[in-house]
Amino acid sequence: SFPNLFLILIPPFPNLFPAFSQPFPHPPPSFPSLPPAEPRLDASGCPLQQNWTEGEPGLLRCRARGQPQPQVLCSKDGNSLPAGIPQPALRQHAGIYRCRATNELGTAESNVTVWVQCGSRAQGGFFGVFWGFFGVF
């Protein structure tokens, strides 16, 4: 005999989640899509002059406009540098990059100059930047 045993009968529900048993009464609202547009690189999204400091995170800022969203690739002397991805700034990053934005409607190009100041000599004002620019140690 089990003196503390209770038996509770629960009637079955027609659905485990009654609030979600029916589909939405109407489809969710759709947002109007943007009209197709060729890629465009302008100074607000892809500044023509960018300054980095050696040893600190450098970020090549180059974002294109267009629909569908263009893919941006930047390169200097055959070496690519990913736009929008931070990485430690090195002296060899300095130079002129050719950035190209492409989508299925076309291509846009722009030159971006990256300046890299020497981290330890940048504290020295003009002469630190001068020596860093000419590679004098």
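Strands β5 (71-76) and β6 both contribute to the lining of the second largest pocket, each with at least two residues. Strands here are DSSP runs of E with at least two residues, helices are runs of H or I with at least four, and both are numbered from the N terminus. The largest share of that lining, 3 residues, comes from β5. In total 15 residues line the pocket, and L60, C62, R63, A83 and G84 are the ones nearest its centre. The space in the second largest pocket is about 170 Å³.

A pocket is an open set of points on a 1 Å grid over the protein atoms alone, with protein on both sides within 12 Å along at least five of seven lines; lining residues have an atom within 4 Å of a point. Grid points are joined across faces, edges and corners, and the volume is the space filled by probe spheres set on the points.

## Basis of the model

This is a predicted model, in which local features need pLDDT of at least 70 and side-chain atom pairs count only at pLDDT 80 or more, while totals for chains, interfaces and linings use all residues. Residues are numbered from 1 along each chain as its sequence is written, and side-chain values use heavy atoms, with hydrogens and water left out.

## Overall make-up

The protein has 1 helix and 9 strands, in the order β-β-β-β-β-β-β-β-β-α from the N terminus. Of its 137 residues, 23% are buried (buried means under 20% relative accessible area, exposed over 50%, partly exposed in between, with a 1.4 Å probe and protein chains only). Carbon and sulfur atoms hold 62% of the accessible surface, which comes to about 10700 Å² (Shrake-Rupley method, 1.4 Å probe; for residues, only the protein chains shown count as cover).

Contact means heavy atoms within 4.5 Å. Among contacts between residues at least 6 apart in sequence, 56% join residues at least 24 apart.

## The five-stranded sheet

An open sheet of 5 strands runs in the order β2-β9-β8-β5-β6, with mixed pairing. Because β2 (49-53) and β6 (79-81) stand at the edges with a single partner strand each, one side of each has no neighbour in the sheet. Neighbouring strands are turned by 35° against each other on average, direction ignored (axes are lines fitted to C-alpha atoms, and angles run from 0 to 180 degrees between N-to-C directions).

N51 and T53 belong, with Q49, to the uncovered face of β2, whereas Q50 and W52 form the covered one.

## V72 in strand β5

V72 is part of β5 and counts as buried because its relative accessibility is 19%. Leaving aside residues up to four places away in sequence, V72 touches C62, A64, A83, R100 and A101. The C-alpha atoms of V72 and C99 are 6.7 Å apart, although 27 residues separate the two along the chain.

## Loops on either side of β5

P68 is in the loop between β4 (65-67) and β5. The peptide bond joining Q67 and P68 is cis, with omega about 0°.

D77 is in the loop between β5 and β6. The phi of D77 is near 55°, a positive value in a residue other than glycine. D77 is exposed, with a relative accessible area of 71%.

Note on methods: Two strands pair if DSSP finds at least two bridges between them. On a 1 Å grid over the protein atoms alone, a cavity is a set of points where a 1.4 Å probe fits but cannot get out, and a pocket is an open set with protein on both sides within 12 Å along at least five of seven lines; lining residues have an atom within 4 Å of a point.
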